[in-house]
Amino acid sequence: MGKLFKLKSSYKPAGDQPKVIKELLGNINKNVQYQTLLGVTGSGKTFTMANVIDKIEKPVLIISHNKTLAAQLYNEFSNFFPNNAVEYFISYYDYYQPEAYVPRTDTYIAKDSSINDEIDRLKQKTTMSLLTRKDVIVVASVSCIYGIGEKEEYAAMSFKVSINDALSRKDILSKFVELLYVRNDIDFDRGTFRARGDVIDIYPSYMRNLAIRIELFDDIVDRIVLFDPVSSRIIEEKNSVVIYPANQYISSKTRREKAVKTIKEELRERTAYFKREGKLIEAQRIEERVNFDLEMIEQVGTCSGIENYSRHFSNRNPGDTPATLIDYFGDDFLTIIDESHVTVPQLKGMYRGDKSRKQTLVDYGFRLPSALDNRPLMFEELQKKWKQVLFVSATPTEFELELSEPYISEQIVRPTGLMEPPILIKSMDGAVDDLYAQIKETTKNGYKVLVTTLTKRMAEDLSEYYNNMGLKTKYMHSELNAIERSKVISDLRNGTFDCIVGVNLLREGLDIPEVALVAILDADKEGFLRSTTSLIQTSGRAARNVDSKVIFYANRMTDSMRAATEEIERRRKLQEAYNKKHNITPKSIIKSKDNKMLEMCNLDYMQILEDSTEYISKKEIPKKIRQLRQKMDEAVKSMDFESAIKYRDEIEKLKKLDLAV
């Protein structure tokens, strides 16, 4: 039997890496539950993790605290393990407004969201991979601790079709409907199926540019092929295929009937409670809402907000632990928590925030009490689920260190000989103009720049100002979805932009070797964004380039600035001593510019409109043109011809773009 994972890299472990890899593997083999990798920025922590994964024989879950860093880790591990299943599991919402009620103003806010279709596909692909193979590395955000459908039910609902199976056309179509696929003979897209005579096509929810065709002859499966849904080109002949549900929230007919019964029982109890308390409005409200949902469940197998009834479908008791992605890993897997000093507090806080909002909905008759069991895991429940945990951070907190004691591995020396970037402290007076000159000098040499501000307004204004001054600057804001953020970083590395300005998106884990200048404005404003840890982490974004430097723009020296500069200077001296001892000349890190996230999401057709920072896909172009035409007509009616011309020019650009992609 061969190795489970196969690491592909032209580099060999160096510096502190061989020692640390040996320590971490030794602890894993000894079944140590908690250990910490304390590694300075640029020391190759990700490569160390990859070498550890290469030597173990179990699935791996890597948790990151935000989508941007998760996308970056996904890119790196996809390159390290091209022959293994590297998956991506984050929240699929581009925009999400949770359901809520504000009693003080009697305001009900309905759930509103915009689902990213591609990320939804990647989530479906993750669960499918975990069910079908062991060589799986899942890079996830903290959304992995939120409830999803049960593993056993999801697996049991899968549909295997093989050559010579006795299946009628009606049998197959009925099964696809049961798996929550939608019939659409005109617009064949992910999550749909179509039928023409004895030829049935299905586009599985977890596939990209690949569909399945089943051909029947006299109610016998005669042929199964994989094909391109756009060109209809046959890709591969198959003897059998397994089709998994279109939704992770799925249940069998028997379980659904039982769930409907218990929901009705809970509804009767809740309605009676409200009436006893004299809350007749709440009683009427909950009865109307739940009865509508029940009718949808009975007729089509699902409803909007079906996750709020998950306890009934999974046959759990009140307060029982919900099913999550972690259950799909089985009993033996390794959890790696990246940037643990930020990720662990997020994992701890998820449950309390979610419960507070839902309790109000329950109290005022918008949801049944069982909705409280549609929740993320409590941290204590999470600790019971994972078997072995590796915390990874340049600045771990006391929590991780105490749990890991004495299994703490330090990775201080960089194999490349790179030292921490020197810190320059300059006055905030005239900082904008000084930084302009610094950016011009840096980009003239082919390098890139990261600038962090304290406020969103400052970041927007600064980016606009520098663009007007002739610099190629991009403001990275929190509204960008994960794929768009990955695209912005890729564009920076490939020269579309030379400088990114942001608030708190540039702090942990952004691995961009071309960055030779990090500028921190208002470094003397004490607080979370300008704490010792934050200043060290932000400075570390320049620790991958031999010609780099960091500028703190401030009008006074704070305790955080002093501690950060002293720690960075200490690390510089340690690295310098190591370099002299081993006769090492520091070299900048060279990293591939391939972006697996963009490849997986098929974003090669995404373009940036000239004179615009808007990203738009081919599917969205007709809709955007209609919106612009409406605005153009309104501008003409109001005699605003300048705006009308601008809208007309945008429409022409979109038409050209539509022809080009």
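Helices (H or I, at least four residues) and strands (E, at least two) are DSSP runs, numbered from the N terminus.

The model is predicted: local features need pLDDT of at least 70, side-chain atom pairs count only at pLDDT 80 or more, and totals for chains, interfaces and linings use all residues. Residues are numbered from 1 along each chain as its sequence is written, and side-chain values use heavy atoms, with hydrogens and water left out.

**The chain as a whole**

The protein chain holds 20 helices and 27 strands. Of its 661 residues, 53% count as buried. Buried means under 20% relative accessible area, exposed over 50%, and partly exposed in between (1.4 Å probe, protein chains only). Contact means heavy atoms within 4.5 Å. Among contacts in the chain with a separation of 6 or more, 75% are between residues 24 or more positions apart.

Serine 534 counts as buried because its relative accessibility is 1%. Serine 560 is 26 residues from serine 534 in sequence, and 9.1 Å away in space, C-alpha to C-alpha.

Axes are lines fitted to C-alpha atoms, for helices over the stretch in contact, and angles run from 0 to 180 degrees between N-to-C directions.

| Helix pair | Axes come within | Crossing angle |
|---|---|---|
| α1 (residues 17-29) and α2 | 10 Å | roughly 45 degrees |
| α2 (residues 45-55) and α3 (residues 67-80) | 11 Å | roughly 45 degrees |

α2 and α3 are therefore oblique to each other. Angles under 35 degrees count as roughly parallel, over 145 as roughly antiparallel, 65 to 115 as roughly perpendicular and the rest as oblique. α2 passes α3 in a right-handed crossing. From α2, the contact uses Thr46, Phe47, Met49, Ala50 and Ile53; from α3, Leu73, Glu76, Phe77 and Phe80.

α1 passes α2 in a right-handed crossing. In α1, Gln17, Val20, Ile21, Leu24, Leu25 and Ile28 take part. They meet Phe47, Thr48, Asn51, Val52 and Lys55 in α2.

**Helix α6**

Helix α6 (residues 169-178) has buried residues Ile172, Leu173, Lys175 and Phe176. Seen down the axis of α6, these fall within an arc of 160 degrees, so they line one face of the helix. The cover over the buried residues of α6 includes strands β9 (159-162), β10 (182-183), β11 (192-196), β12 (199-203), β13 (211-216) and β16 (240-243). Just after α6, leucine 180 takes a positive phi of about 70 degrees.

Key: A crossing is left-handed if the near helix is turned anticlockwise from the far one by less than a right angle, and right-handed if clockwise. The arc is that of the directions from the helix axis to the C-beta atoms.
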